[in-house]
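Here is a walk through a protein model and its ligand.

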Amino acid sequence: MNKKELRLKYKDLREKLTAEEVEEGSIAIGNQLINLPIWKYSYYHLFLSIAEKKEVDTQMILHILQGKDKHVVVSKADFETGNLQNFLLTDATVIRTNTWGIPEPVDGIEIPAEKMEVVFVPLLAFDTHGNRIGYGKGFYDRFLSQCKTDVVKVGLSLFEAEKQILDVNALDVPLDFCVTPEKIYDFKNL
Ligand SMILES: Nc1nc2c(c(=O)[nH]1)N(C=O)[C@@H](CNc1ccc(C(=O)N[C@@H](CCC(=O)O)C(=O)O)cc1)CN2
Ligand SMILES: Nc1ncnc2c1ncn2[C@@H]1O[C@H](COP(=O)(O)OP(=O)(O)OP(=O)(O)O)[C@@H](O)[C@H]1O
């Protein structure tokens with residue numbers, strides 16, 4: 001299927017999820033993450049979930065990162081430019097939900113993209129080759145292109161992989177791993 005068809009398919013699948021399914025799936029994803037080889041780093045970029053869109057709830061991942069004393073970076077999306085502005089999450093960080101339902105930091109200590117070592121990537125769908133699609137604004141493709149080439153990109157999904165996204169282009173940045181409630185996809189060791 002192409003990106004347009006996949007966006008429709010997965011928006012529909014998400015709408016059918018119950019709050020319990022999102023919660024249980026998110027916990028299963030959190031438990032799987034412990035088994036990934038990603039814990040030796042310092043800077044982890046995490047997205048704060050859009051509850052109304054039934055995204056994977058990243059609260060548990062935040063607790064894992066804080067328990068391991070990692071630097072957690074969260075972002076604020078600029079819909080005019082398509083850029084993410086990244087801030088260190090601290091006890092002083094004020095989080096406000098914007099008009100798109102995204103919880104985001106008001107301001108804080110800005111962290112450049114080159115500092116990121118692991119990025120947890122939100123997605124609507126992904127395929128067995130590690131390609132992903134989001135809501136179609138290119139925020140993550142732009143952000144990931146600014147990160148170091150060896151940044152570890154970890155997709156999180158409540159659904160399993162599609163066989164192939166047909167219309168992948170040169171700007172699409174592929175994932176290294178994708179974690180679902182059922183499995184870990186390792187795209188480096190295919
Ligand atoms: N939690 C989270 N944060 C994130 C992302 C994400 O996918 N999840 N993004 C990942 O890139 C960026 C935000 N991207 C978004 C893009 C579109 C819409 C949205 O509400 N779109 C409407 C259509 C509105 C319009 O076209 O004007 C929709 O899909 O119904 C929301 C977030 C940055 N932060
Ligand atoms: N590195 C980049 N620099 C500039 N524009 C980009 C870059 N990457 C993607 N774009 C633009 O962003 C738009 C959306 O891209 P695409 O359809 O791949 O989004 P997506 O991956 O679904 O979205 P997202 O990354 O926000 O989850 C396209 O018009 C694309 O040209």
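A molecule counts as sitting in a pocket if more than half of its atoms lie within 2 Å of the pocket's grid points. By that test, ligand 1 sits in the largest pocket. Bear in mind that this is a predicted model.

Start with the ligand. Around ligand 1 there are 17 residues. Those that come nearest are Leu-48, Glu-55, Trp-100, Tyr-135 and Lys-137. Sorted by class, the shell around ligand 1 holds 12 nonpolar residues, four charged residues and one polar residue.

A nitrogen atom of ligand 1 lies 2.8 Å from a backbone N or O atom of Leu-48. For Lys-137, a side-chain N or O atom is 3.2 Å from an oxygen atom of ligand 1. For Lys-53, the distance from a side-chain N or O atom to an oxygen atom of ligand 1 is 3.5 Å. How much of ligand 1 does the protein bury? Taken alone, ligand 1 exposes 690 Å², and the protein buries 76% of that.

The largest pocket has a volume of about 770 Å³. Its lining has 37 residues, and the closest to the centre are Tyr-135, Lys-137, Gly-138, Phe-139 and Tyr-140. Tyr-135 and Lys-137 are also among the residues that come nearest to ligand 1.

Which elements build this lining? At least two residues each come from helix H1 (3-15), strand E2 (71-78), strand E5 (103-105), strand E8 (132-133) and helix H4 (139-146). H4 gives the most, with five residues. By class, the lining of the largest pocket has 18 nonpolar, 13 charged and six polar residues.

Turn next to the second largest pocket. About 200 Å³ of space lies there. It is lined by 14 residues, and the closest to its centre are Ser-49, Ala-51, Asp-57, Thr-58 and Gln-59. Helix H2 (19-33) and helix H3 (59-67) are the elements that give two or more residues to this lining. H2 gives the most, with three residues. The lining of the second largest pocket divides into seven nonpolar, four charged and three polar residues.

To finish, go back to ligand 1 in the largest pocket. Find the backbone of Leu-48 beside a ligand nitrogen atom, at 2.8 Å. Then find the side chain of Lys-137, at 3.2 Å from a ligand oxygen atom.

Definitions and conventions
Residues are numbered from 1 along each chain as its sequence is written. Chains are lettered from A and ligands numbered from 1 in the order in which they are written. This is a predicted model: local features need pLDDT of at least 70, side-chain atom pairs count only at pLDDT 80 or more; totals for chains, interfaces and linings use all residues. Side-chain values use heavy atoms; hydrogens and water are left out. A residue is near a molecule or strand if one of its heavy atoms lies within 4 Å of it. A polar contact is a pair of N or O atoms within 3.5 Å; within protein, one must be able to donate a hydrogen and the other to accept it, and residues adjacent in sequence count only if both atoms are side-chain atoms. Accessible areas come from the Shrake-Rupley method with a 1.4 Å probe; for residues, only the protein chains shown count as cover. On a 1 Å grid over the protein atoms alone, a cavity is a set of points where a 1.4 Å probe fits but cannot get out, and a pocket is an open set with protein on both sides within 12 Å along at least five of seven lines; lining residues have an atom within 4 Å of a point. Ala, Val, Leu, Ile, Met, Phe, Trp, Tyr, Cys and Pro count as nonpolar, Asp, Glu, Lys and Arg as charged, and the others, Gly among them, as polar. Grid points are joined across faces, edges and corners, and a volume is the space filled by probe spheres set on the points. Helices (H or I, at least four residues) and strands (E, at least two) are DSSP runs, numbered from the N terminus.
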